Amino acid sequence: MSAKAASRRVLAFGLSVAVAVFLTDKASKAWVLYGLGFIHCPACVPVEVTPFFDLVMVWNRGISYGLLPAGSPLEVWLLIGFSLGMSLVLAWWLLKAETGWLALGLGLVIGGALGNVIDRFAYGAVADFFHFHAFGKSWYVFNVADAAIVMGVVAILIDALFIARPAKAPELEGVSDDAR
């Protein structure tokens, strides 16, 4: 397979992952918000799914873990702009990706970021609803997009730390390609 064909495959894989994450995130949010009716009650009674997992409704007005909460429409638009800008930077990086791990990671982060951007645009906040807890400990409330972003960062780190790259030939200044 040529390098160009391999590059297209890696790009197509990353874009497919981004689209799958985005659609899964939007479908899960539609189900919880409208199927379960959580859109109508900001403090709905949690739905116990298992002894360690509940569906709850939390509107996250900030970024990860509720940091930097947006309290005004301008701040919401700044978060939307930042997320879109970062998604564009990651998409540019995806165009240059050479490995499946990197494409996977970038696709997960892009799809998750865009899923949360749509929430911010539509509601002014991100809908979070998965809540895991056990033995008196509670994990933060999150959604599919948040989980994808975390897994994407892990995949990018795996790519950076563990995936070998072929060594590039040193550049020889002043020597034509024919003479090499």
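Let me begin with Asp119, which forms a salt bridge with Lys29, the closest N and O atoms being 2.9 Å apart; a salt bridge here is a side-chain nitrogen of Lys or Arg within 4 Å of a carboxyl oxygen of Asp or Glu. Asp119 lies in helix H3 and Lys29 in helix H1, so the pair ties together parts that are 90 residues apart in sequence, where helices (H or I, at least four residues) and strands (E, at least two) are DSSP runs, numbered from the N terminus.

This is a predicted model, in which local features need pLDDT of at least 70 and side-chain atom pairs count only at pLDDT 80 or more, while totals for chains, interfaces and linings use all residues. Residues are numbered from 1 along each chain as its sequence is written, and side-chain values use heavy atoms, with hydrogens and water left out.

Asp119 is buried, and so is Lys29, buried meaning under 20% relative accessible area, exposed over 50% and partly exposed in between, with a 1.4 Å probe and protein chains only.

Lys29 also forms a salt bridge with Asp25, with 2.8 Å between the closest N and O atoms, and these two residues both lie in helix H1 (residues 3–35), four residues apart, about one turn of the helix.

Turning to the strands, S2 (residues 53–60) and S3 (residues 126–134) run antiparallel and are joined by six bridges, two strands being paired if DSSP finds at least two bridges between them. Within this pairing, Leu55 has Phe130 in S3 as its bridge partner.
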